[in-house]
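I set out to look up selected side chains, their contacts and their pairings in one structure. The entries below follow the order in which I consulted them.

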Amino acid sequence: MRLLKSRNFLIVSISAFCCLVYSETVATPGELIAIKLNENAQEYSSNNLIIEQGKNKYMIIPVAHDQKEIIIGKYKIKVLEKDFGESRITISNLSMVDLNNEDMERAYKESQLIRAAISTYSDNKKPSLNFLQPVDGVISSRYGKKRFINDSPRSPHLALDIAAPEGTSIIAPADAKVILTGNFFYGGNYIILDHGYGMLTSYSHLSKIVVAKGDMVKQSDLIGEVGSTGRVTGPHLHWTVYLNKVRINPESLLKENYLSSLLEAI
Ligand SMILES: [Zn+2]
């Protein structure tokens with residue numbers, strides 16, 4: 001039985017006789033952590049993204065923005081507190097804020113459809129953890145901000161907003177399959193891409209969608225154009241990244257050598 005630790009890295013090594021209890025490793029909300037697995041650790045690896053490097057296998061786990069600790073089998077990993085700041089927006093069209101019954105029903109049905117799509121788990125291709133930024137533009141709202149609409153507290157902003165002029169190209173950040181497209185109450189013209197192994201991305205408020213459900217796209221292929229459909233204050237892309245249904249910080253996937261940075265603390 002062997003255990004090594006560092007700030008964001010944990011080696012899990014399990015003997016035939018027992019498991020370990022571990023509490024010193026820490027993680028950051030909205031980020032991923034890598035856990036090194038030994039050959040006998042199969043019980044922890046089902047339905048998780050496993051990256052192989054040389055002889056080693058690493059399980060990649062998402063950390064939710066409000067998670068306090070991660071429990072994997074008998075392991076506990078503490079999650080640090082992080083202040084993401086806040087964002088206050090004004091939406092003058094009050095029918096987009098206080099929904100009538102019809103819109104509420106529509107938004108609810110759409111949320112169920114999106115939830116089902118986000119649960120997709122395909123295992124024919126492993127995702128890259130090295131994404132391209134889908135739009136050339138200015139970051140107008142970061143991941144994790146507490147959100148207030150017309151001074152009322154709302155759900156936190158668990159996506160990245162990139163402002164760009166209407167019609168700016170949106171590209172696939174990595175190879176993917178298009179699993180949902182449509183026009184939604186909040187998201188406007190909307191796309192979900194499946195990158196494999198529970199890694200999905202979504203694109204909201206588009207003026208134009210140029211792909212269809214079932215299409216396979218390659219990294220940097222055009223998927224649509226920036227717009228201001230749905231509930232928005234101006235043209236931008238609202239870009240969400242999911243792993244295992246957990247929304248993580250999209251900006252991390254844009255860092256050069258992000259995967260290496262997760263693995264390097266051996
Ligand atoms: Zn947004």
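**Entry 1: H195**

I began with H195, whose side chain makes a polar contact with the side chain of T201 at 2.7 Å. For a polar contact I took a pair of N or O atoms within 3.5 Å; within protein, one must be able to donate a hydrogen and the other to accept it, and residues adjacent in sequence count only if both atoms are side-chain atoms. The H195 side chain also reaches the backbone oxygen of D175, at 2.9 Å.

I note that the model is predicted: local features need pLDDT of at least 70, side-chain atom pairs count only at pLDDT 80 or more, and totals for chains, interfaces and linings use all residues. Residues are numbered from 1 along each chain as its sequence is written, and side-chain values use heavy atoms, with hydrogens and water left out.

I located H195 in strand β15 (residues 188-196); helices (H or I, at least four residues) and strands (E, at least two) are DSSP runs, numbered from the N terminus. Is H195 buried or exposed? H195 counts as buried because its relative accessibility is 4%, where buried means under 20% relative accessible area, exposed over 50%, and partly exposed in between (1.4 Å probe, protein chains only). Not counting residues up to four places away in sequence, H195 touches, among others, K125, D175, T201 and Y203; contact means heavy atoms within 4.5 Å.

**Entry 2: Salt bridges**

I searched the whole structure and found eight salt bridges, each defined as a side-chain nitrogen of Lys or Arg within 4 Å of a carboxyl oxygen of Asp or Glu.

I turned to D175 again, which forms a salt bridge with K125, the closest N and O atoms being 2.6 Å apart. This pair links distant parts of the chain, 50 residues apart: D175 is in the loop between β13 (169-171) and β14 (176-184), and K125 is in the loop between α1 (101-118) and β9 (138-141). D175 is partly exposed, with a relative accessible area of 24%, and K125 also counts as partly exposed, at 43%.

The side chains of E86 and R88 meet at 2.8 Å, N to O, while the closest N and O atoms of D151 and R88 are 3.3 Å apart. I recorded E86 as partly exposed at 42% relative accessibility, R88 as partly exposed at 48%, and D151 as exposed at 60%.

**Entry 3: Aromatic pairs**

I counted five aromatic pairs, taking rings of Phe, Tyr and Trp (its six-membered ring) as paired if their centres lie within 6.5 Å; planes under 30 degrees apart count as stacked, over 60 as edge-to-face and the rest as tilted.

The rings of F84 and Y143 have centres 5.7 Å apart and planes at 75°, so the pair is edge-to-face. F84 lies in the loop between β7 (75-79) and β8, and Y143 in the loop between β9 and β10, so the pair ties together parts 59 residues apart in sequence. F84 counts as buried at 16% relative accessibility, and Y143 is buried at 3%. F184 and Y190 form an edge-to-face pair, with 5.1 Å centre to centre and 75° between the planes; F184 and Y190 are both buried.

**Entry 4: N249**

I looked up N249 next and placed it in the loop between β21 (246-248) and α2 (250-253). N249 counts as buried, at 11% relative accessibility. Leaving aside neighbours within four places in sequence, N249 is in contact with G30, E31 and Y143.

**Entry 5: Nonpolar cores**

I defined a nonpolar core as a set of buried Ala, Val, Leu, Ile, Met, Phe, Trp, Tyr and Cys residues joined through side-chain atoms within 4.5 Å. The largest core has 39 residues, and I60, L193, Y203 and I223 have the most contacts inside it. It draws at least three residues from each of domain 1 (9-82) and domain 2 (86-253); the bounds come from an automatic or database domain assignment. A second, separate core of 13 residues includes I50, V63, I70 and I77.
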